[in-house]
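Let us take a friendly walk through a protein chain together. Keep the sequence and the 3D view side by side as you read.

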Amino acid sequence: MSEQNPGPGADTQDGAATSIEALVGSWLPVPDVAERLGVPLSQVRRMLEDREVLGLRVGERRILQVPEAFLDETVLHHLRGTITVLADGGMDDEEVVRWLFTADDTLGRGGTPVDALRDGFKTEVRRRAMETAF
């Protein structure tokens, strides 16, 4: 990334840049999401439109990709409601993804809200999302 355009999610305070790409780590292009879920590409596009999952334009070619941690055999349970809470509080898609992947040692195992959702702590994650968003 160039200094003139650090890209989405870059934090350039104090010279440190943490891109959303690095924070999330593993991304899947939309066709790979369709393949992983065993659904048509049009259904994944509908899921993105309906905000069941979020995708961002990342990578060198800035193609639309979804964080891999949002998926197992299906879309991560309770993700949609958490996205809705954060978006209703005024966060854009990038801010929502950043919040879901930002470590919080008080959340346990993985330490991120997305890990806590995976572990079944929907209520705690949503409580924190409401506090953050409002």
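**A walk through the fold**

In strand β3, glutamine 65 is the bridge partner of proline 29. Before we go on, note that this is a predicted model, in which local features need pLDDT of at least 70 and side-chain atom pairs count only at pLDDT 80 or more, while totals for chains, interfaces and linings use all residues. Residues are numbered from 1 along each chain as its sequence is written, and side-chain values use heavy atoms, with hydrogens and water left out.

Now for the overall plan. The chain has seven helices and three strands; helices (H or I, at least four residues) and strands (E, at least two) are DSSP runs, numbered from the N terminus. Starting at the N terminus, the elements follow the order α-β-α-α-β-β-α-α-α-α.

Look at each pairing in turn. Strand β3 (residues 63-67) is joined to β1 by three bridges, and the two run antiparallel. Here tryptophan 27 stands opposite proline 67 in β3. Three bridges also link β2 and β3 in the antiparallel sense, and in β3, glutamine 65 stands opposite leucine 56. With four residues between them, β2 and β3 form a hairpin, and glycine 59 in its turn has a positive phi of about 85°.

Next come the helices. Two packed helices are described by the angle between their axes and the distance between the axes. The axes of α2 (residues 30-37) and α3 (residues 41-49) come within 9 Å and cross at roughly 110°; axes are lines fitted to C-alpha atoms, for helices over the stretch in contact, and angles run from 0 to 180 degrees between N-to-C directions. The helices α2 and α3 are therefore roughly perpendicular to each other (angles under 35 degrees count as roughly parallel, over 145 as roughly antiparallel, 65 to 115 as roughly perpendicular and the rest as oblique). Where they meet, Val30, Pro31, Val33, Ala34 and Leu37 in α2 are in contact with Leu41, Val44, Met47 and Leu48 in α3, contact meaning heavy atoms within 4.5 Å.

In soluble globular proteins, nonpolar side chains tend to be buried together. The largest nonpolar core here has 37 residues, and Phe70, Leu79, Val97 and Leu100 have the most contacts inside it. Such a core is a set of buried Ala, Val, Leu, Ile, Met, Phe, Trp, Tyr and Cys residues joined through side-chain atoms within 4.5 Å; buried means under 20% relative accessible area, exposed over 50%, partly exposed in between (1.4 Å probe, protein chains only). Leaving aside residues up to four places away in sequence, valine 97 touches Ile20, Val24, Trp27, Leu54, Leu56, Pro67 and Phe70.

Finally, is threonine 123 buried or exposed? Threonine 123, in helix α7 (residues 122-133), has 60% relative accessibility and therefore counts as exposed.

Note on methods. Two strands pair if DSSP finds at least two bridges between them.
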